[in-house]
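Subject: Structure handover

Hello,

Here is the structure you are taking over. My notes on it follow below the model.

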Amino acid sequence: MKRNGEREPYDANKINLAIEHAAAGLDENITWVTQIASELELTLFDGITTQQLDEAVIQVALQNVKDDPAFDIVAARLLLKIIYKRVLGDYASGTDGDNAELVELHARHFRGYIERGVSETLLDSRFTGLFDLDRLAGHLDPSRDELLKYIGVVTLNNRYGIKARNGDSLEVPQYFWMRIAMGLSLNETDPTSHAIAFYHKMSKLEYLAAGSTLVNAGTAYPQLSNCFVMEMQDDIEHIAKSVRDVMWLTKGTGGIGLSVTKLRSQGSPIRSNNTTSTGPIPFMHTIDSVLRAVSRGGKKFGALCFYMENWHLDFPEFLDLRQNSGDPYRRTRTANTAVWTSDEFMKRVQNDQDWYLFDPLEVADLNELYGKAFSERYAEYAVMAEAGELRMFKKISARAQFKDILMSLQTTSHPWLTWKDTINNRALNNNTGAIHLSNLCTEITLPQDRDNVSVCNLASINLSRHLVDGERANGLEMDWARLEESARQAVRQLDNLIDITVSSVPEADFSNQQNRAIGLGVMGFTDVVERLGFSYESEEAYALIDEIMEHVSYAAIDESADLAQERGAYPNFEGSRWSQGLVPYDSIALAEADRGIPITVDRTIRLDWDRLREKVKGGMRNATLMAIAPTASIGLVAGTTPGFDPQFSQIFSRSTSSGKFLEVNRNLVEALQERGLWEETRESILRSQGDIQGIAAIPDEIKAAFKTSFQLSPHAFIEVAARAQKWIDQAISRNMYLETRDIGDMMDIYAAAWEKGVKTTYYLHMKPRHQAEQSTVKVNKSEEISGGRKGFASVGAGVPPAVVAEPAAAPAPVAPARRGFGFGGLTGGDKR
């Protein structure tokens, strides 16, 4: 059944030709055509529509990804052809290198796409007047769509692409990249030239803007900023305003961090009506409901993380917010939680001392203090409490509270651990007040107060696109010149964003202009490490991330200093540590001196930082430059591993808002194919659900390079973060993966993160106790189908591929001996 309603006979030749085009240039493409075509026949039925047939061909290809990841390329090409036809109309050429017609169609339809988007008030009305559309069209390069994996094409099309008012598809991938580039060049004196430069970087996947920017850039509602950081004040008017601000920021797709530390505790007096407070928990539940109410058509709930300092009298209830049991009106089902801890607390844990909980109404200045000043004032309040001079307080064991935090973290993955003194003492923008919290994903560290809702604007460099042929490991090396160019272009693009974005919260717009904070990050570190043949937990990997982040940091800071000369320094520059000639590396010594305990991180430097120290004294365009975001969604588009995360498994089923996808580690397959081992070991890898550690035929060097998240020592995650944090002025969204459930081990691991100067951690993922039952190893193989036919028979058109369960994991390496945080007495009975 054709799209126009007409019926026509099934034409196997036509289908085979489409599959042949999609397999062009790949090994054994003729075999693949036969295999896909034969399996497709099992799904056919009388009256099948053209759309169903297209979907069926793609699903057959995806079903075979477990046998060879190159089937994913076939599926991606087939889906791209569908998108091309919907947007550009029919065309004859395939993806076999003869794409001249496709190039011409892209150029011919580009102006019409822009004009229709503007006329339907979907795109920025300035597009048609500011840009040379014909010149932009001449740079469109559809061959770059080949860089996208199938999940990348789906994510880009479903999550980020725009559609006409009547539902028509308006964008092919290259239109999408150009729209983003145009939307971030509107304030340039030569917007066309800069749009072309930004387009080439993003369309090559060398760096990507963050999610909110990809959704809204170039549209009629350019809310482009990614992260908003708010502090709720202890008065009813500001509480109500905070609820309103959360609603507006959620509508605009921004992620939110919200501190509730200043809210008085439950039972605290309210003088205006001679009653007592209910504490912060009910207000947090209210905001949690708001996140569900403003859910963008029910497709995606709002995203927010509550922060509280752990001296707050209601902190024990804060720990229970994510528990499944208990009073539902004192729980949050959508919002996340994080604890804002101090050096004082960590020292009291180490020394097994008491820890006091206070009512913020009685200790109002504690929230504004950090480091030594906090410790001194906290000790004074403890003396006052013991002397009966404070109305409300509670004394507990510091170690017991740390244990409670980690028990909650183990069972609910909340609260995330963040260290306020490390953050404040290492901040270079320290002249505009204390930093009271981080953001939704724990990588943003900006000051905020009643008049400032801090804002950060993100992009991430795709490291895997900067790995080129060379003389380093496995014949590859980093292209440092390209990496520098990417960092500079991304910084300029992010600075432009600040002058283009809009929000509905005046305090956010004010902070954005006063501080011009940006957060340039990276993704694909594990991808690069695997391709170089390094183990994630090796000194080679640690040294590599150290060197990469030094180069990115140097280029980003240098570019911001250049922009300050061109456009002026950010308004709050004077008095900052930047103005004193300090760079992120220098903050290690500052934090170390304040806490009085060494920060145990390698201090190697490679570049001429003295030159840059002198340069930044003359002005910086941006208060902050770097932050490592999770990049879970844009990593799918970029086709690389997110942030600094290790591989979860070599083969697994990934569920996203766009569907469920079978993921196979292409780097592993290529490494085994190079040694002629893939065919021999494939079934064993499938049978072990992606765990290669117990397969004798696989060499030890491959096993070392391809350990998965629960097979790596958690201390490797900390070391990678610590080496990177040397060069990053904000923080790192550092996911943790643990096999151990021993609370003593967990205490040592998180204490080590603090000792090494890591500022924040993010989700804790615990290895499941039980293995999911494996469905099959050989899915729909020919010997399982009568007549020897290859099988897609049990999978209907449009049904996702078979799910591969989470992989088994080998025991993690033994952690270093406990160093002063000896919690042996706490481990008994604490294993879950």
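This is a predicted model: local features need pLDDT of at least 70, side-chain atom pairs count only at pLDDT 80 or more; totals for chains, interfaces and linings use all residues.

Overall picture

The protein has 31 helices and 18 strands. Of its 832 residues, 60% count as buried. Among contacts with a separation of 6 or more, 77% are between residues 24 or more positions apart.

The largest cavity

There are 7 cavities of 30 Å³ or more, and the largest has a volume of about 140 Å³. It is lined by 13 residues, and the closest to its centre are V65, D72, L662, E663 and V664. Besides β16, which spans 659-664, helix α8 also supplies at least two residues of this lining. By class, the lining has 9 nonpolar and 4 charged residues, and no polar ones.

Helices α4 and α8

Helix α8 covers residues 150-160, and its axis comes within 8 Å of the axis of α4, residues 70-88. The two axes cross at roughly 30°. Angles under 35 degrees count as roughly parallel, so α4 is roughly parallel to α8. The contact has 8 nonpolar residues, 1 polar and 1 charged. On the α4 side the residues are D72, A75, A76, L79, L80 and I83, and they meet Y150, V153, V154 and N157 of α8. D72 of this contact is also among the residues closest to the centre of the largest cavity.

Helices α15 and α17

How do α15 and α17 lie relative to each other, roughly parallel or roughly perpendicular? The axes of α15 (residues 343-350) and α17 (residues 398-412) come within 8 Å and cross at roughly 110°. The range for roughly perpendicular is 65 to 115 degrees, and α15 and α17 are therefore roughly perpendicular to each other. From α15, F345, M346, R348, V349 and Q350 take part, meeting A398, R399, Q401, F402 and I405 from α17. Sorted by class, the residues of this contact are 6 nonpolar, 2 polar and 2 charged.

S413 has a positive phi, near 65°, although S413 is a residue other than glycine. The peptide bond from H414 to P415 is cis, with omega near 0°. Is S413 buried or exposed? Buried means under 20% relative accessible area, so S413, at 13% relative accessibility, counts as buried.

T337 is in strand β7, residues 336-341. T337 has a relative accessibility of 1% and therefore counts as buried. Leaving aside neighbours within four places in sequence, T337 is in contact with H414, P415 and W416, and also with C305, F306, F318, L321 and R322. Both residues of the cis peptide bond, H414 and P415, are thus in contact with T337 in the model, by the 4.5 Å heavy-atom cut-off.

One other positive phi

T121 also has a positive phi, near 55°, in a residue other than glycine. T121 is in the loop between α5 (100-119) and α6 (127-130).

Regards

Definitions and conventions. Residues are numbered from 1 along each chain as its sequence is written. Side-chain values use heavy atoms; hydrogens and water are left out. Axes are lines fitted to C-alpha atoms, for helices over the stretch in contact, and angles run from 0 to 180 degrees between N-to-C directions. Helices (H or I, at least four residues) and strands (E, at least two) are DSSP runs, numbered from the N terminus. Angles under 35 degrees count as roughly parallel, over 145 as roughly antiparallel, 65 to 115 as roughly perpendicular and the rest as oblique. Ala, Val, Leu, Ile, Met, Phe, Trp, Tyr, Cys and Pro count as nonpolar, Asp, Glu, Lys and Arg as charged, and the others, Gly among them, as polar. Buried means under 20% relative accessible area, exposed over 50%, partly exposed in between (1.4 Å probe, protein chains only). On a 1 Å grid over the protein atoms alone, a cavity is a set of points where a 1.4 Å probe fits but cannot get out, and a pocket is an open set with protein on both sides within 12 Å along at least five of seven lines; lining residues have an atom within 4 Å of a point. Grid points are joined across faces, edges and corners, and a volume is the space filled by probe spheres set on the points.
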